[in-house]
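Biologist: I would like a close look at one part of this model, the annotated active site and the pocket around it. Please set it in the context of the neighbouring strands.

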Amino acid sequence: MPMPPLVLPGGVYPPVPTFFRQDEQLDLQTFERHLRRLATTGIAGYVLMGSNGEAVHLEDRERAQLLAICHEVQSASTVYLPIIAGCGAQSTRQTIAYCQQASHYGANFALILPPSYYPRRMNESALSQHYRSVADASPLPVLIYNMPSSAAGINLSVELICALAEHPNIIGVKDSSGDVSKLMQLVARTEPDFRVFAGSADMLLPALVSGAIGAVAALANVFPRSVCRVQSLFEQEKIEEARILQALLIPANTAVTSKYGVAGLKAALEHVAGYGGLPRLPCRH
């Protein structure tokens, strides 16, 4: 595997599902199969243990297994595909522990969703202290993960994200708020090396126009080449072709995100790739 660059590359990152057998134990064979299928499609890297990876359903030992397998696949690749590990937890202490675990098992970056179990206590001061404490202690560079729908409605403000961007170990943000104006402000108000990603394939082209450098897109698990092609067309300044392809992807993206969620994503994979299975209970429907 080539030596990794100093910064997180732009491009499309699939948030990889975690696969389970009928007895709800990890299906590591299918997980590895999926990683290898994605590796040659033009993706920029992998996101593990995010919302689509059912991070909240995983035990610590299972997290370690997934990280180790992904690192093996990465090491065997002829191109550098960085591993972004979801490390958000409900306490600062546990978040740091997940960052340390992810580093130990070969991840390259940590993606941190804000703690949300006590949402009324998570004012900007508390969130700022949380992210700064994690970034101070994390052996991995940190990406902020702003996803109100998975964080009890907590929507990190532009002001907070821009302030956190000044920390030397906070290197970017995945914004899943669906707000193009927020992406534009983040790009305009942070340093050029701060990595801004959209959080969905249906936002990819608008995000790129706004100055973002890519997306963490669930649909890229199902149609990785098509999602990556939107970005390559944009970079080739073939904007009309990119617009047409972007529009074609929106119905499928809606189905595997807001309409059916993880179960829909896995059903789509079953249809196009021959594997998928079910989420862990209670998220079967």
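In which strand is Tyr-145 found?

Modeller: Tyr-145 is found in strand S5, which covers residues 142-146. The model is predicted, with local features requiring pLDDT of at least 70 and side-chain atom pairs pLDDT 80 or more, while totals for chains, interfaces and linings use all residues. Residues are numbered from 1 along each chain as its sequence is written, and side-chain values use heavy atoms, without hydrogens or water. Strands are DSSP runs of E with at least two residues, and helices are runs of H or I with at least four, numbered from the N terminus.

The unreviewed UniProt entry lists Tyr-145 and Lys-174 under "active site". These two residues span 30 residues in sequence, yet their C-alpha atoms are not more than 5.0 Å apart, so they gather at one spot. Both Tyr-145 and Lys-174 belong to the lining of the largest pocket. Such annotations may be inferred rather than shown by experiment. Tyr-145 has a relative accessibility of 5% and therefore counts as buried (under 20% relative accessible area with a 1.4 Å probe, protein chains only; exposed is over 50%).

The pocket itself is lined by 46 residues. Three helices each supply at least two lining residues: H3, H9 (239-259) and H10 (261-273). Among the contributions to this lining, that of H9 is the largest share, with 5 residues.

Val-216 is found in strand S8 (residues 214-216), and its relative accessible area of 5% places Val-216 in the buried class.

Turning to the strands, S2 (residues 46-48) is joined to S3 by 3 bridges, and the two run parallel; pairing requires at least two DSSP bridges. Within this pair, Tyr-46 has Ile-83 of S3 as its bridge partner. S3 also pairs with S4 (residues 109-112), again in the parallel sense and over 3 bridges, and here Gly-86 stands opposite Leu-111 of S4. Strand S3 (residues 83-86) is covered on both faces: Ile-83 and Ala-85 on one side, and Ile-84 and Gly-86 on the other, are all buried.

Met-49, in the loop between S2 and H2, has a positive phi of about 60° although it is not a glycine, and Met-49 is buried at a relative accessible area of 3%. Glu-24, likewise not a glycine, has a positive phi of about 70°; the loop that holds Glu-24 runs between S1 (11-13) and H1 (28-39). Finally, Leu-281 and Pro-282 are joined by a cis peptide bond with an omega of about 10°, and Pro-282 lies in the segment after H10, the helix that also supplies at least two residues of the pocket lining.

Methods: On a 1 Å grid over the protein atoms alone, a cavity is a set of points where a 1.4 Å probe fits but cannot get out, and a pocket is an open set with protein on both sides within 12 Å along at least five of seven lines; lining residues have an atom within 4 Å of a point.
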